[in-house]
Amino acid sequence: MSKVYIFLADGFEDIEGLTVVDLMRRAGIEIDTVSIKESREVITSHNITLLTDRIFSETDFSDADMLVLPGGMPGTRYLGQYGPLTELLTGFYNKGGKIAAICAAPSVFADLGFLDGRKATSYPSFMDKLGKAETTEDSVVVDGNVTTSRGMGTAIDFGLSLIAQLEGEEKAKEIADSIVFLR
């Protein structure tokens with residue numbers, strides 16, 4: 001079974017984070033929500049309080065198959081400023097681990113140099129923050145071990161792409177059909 005961690009900070013975009021969690025759990029993928037705070041309580045960009053599965057400082061990520069960042073503000077900024085997370089992402093990326101980000105969060109990857117020379121996308125107002133990436137307006141872009149997506153409206157496409165990468169196209173289609181996702 002694949003293991004995924006999605007990192008949540010106050011101000012993350014509700015749909016972008018929780019859609020990925022929902023779809024992966026439907027696909028039988030083990031995904032844990034991780035707070036970058038010293039509390040499991042996180043407040044979304046639309047003031048919904050939720051409890052994460054884990055706290056970053058208390059988690060061993062050695063079993064990860066993929067690391068995911070949702071967008072939203074100021075959540076993206078907090079994720080990018082959290083040194084332990086950027087260190088984890090860098091080590092994971094350098095070993096060829098799969099990383100994914102949606103909306104504003106691909107800018108975190110750009111700041112770390114992960115998008116240099118790669119195709120990538122993001123929320124329209126963040127396209128100029130993708131550094132040396134070759135930008136595109138595709139809803140989801142997979143370039144090697146890096147996946148990026150545009151925003152809340154592409155969250156289902158994003159989640160299904162991640163499922164396909166981990167469990168195959170057939171599983172992604174099964175989940176799409178089960179939620180009546182019309183392409």
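Predicted model: local features only at pLDDT ≥ 70, side-chain atom pairs only at ≥ 80, totals over all residues.
Residues are numbered from 1 along each chain as its sequence is written, and side-chain values use heavy atoms, with hydrogens and water left out.

**Stop 1: the whole chain**

Show the cartoon. You'll find 6 helices and 11 strands (DSSP runs numbered from the N terminus: H or I of at least four residues for helices, E of at least two for strands). The radius of gyration is 15 Å, close to the 16 Å from the globule rule for 183 residues, so the chain is as compact as a globular protein of that length. That radius is taken over C-alpha atoms, and the rule is 2.2 Å times the number of residues to the power 0.38. Switch to the C-alpha trace, and its span along the principal axes is about 40 × 35 × 35 Å.

Now colour by accessibility: 54% of the 183 residues count as buried (under 20% relative accessible area; exposed is over 50%, partly exposed in between, with a 1.4 Å probe and protein chains only). As for contacts (heavy atoms within 4.5 Å), take those with a separation of 6 or more: 62% of them come from residues 24 or more positions apart.

**Stop 2: K3 and E30**

The structure holds 10 salt bridges, each a side-chain nitrogen of Lys or Arg within 4 Å of a carboxyl oxygen of Asp or Glu. Select K3 and E30 for one of them, with the closest N and O atoms 2.8 Å apart. K3 sits in strand 1 (residues 3–8) and E30 in strand 2 (residues 30–35), 27 residues apart. K3 is buried at 4% relative accessibility, while E30 is partly exposed at 37%.

**Stop 3**

**Stop 4**

From D32, move on to R54, where the N to O distance of the salt bridge is 2.5 Å. R54 lies in strand 5 (residues 54–55), 22 residues from D32, and is partly exposed at 30% relative accessibility. Leave all four selected: K3, E30, D32 and R54 are linked in a network of salt bridges.
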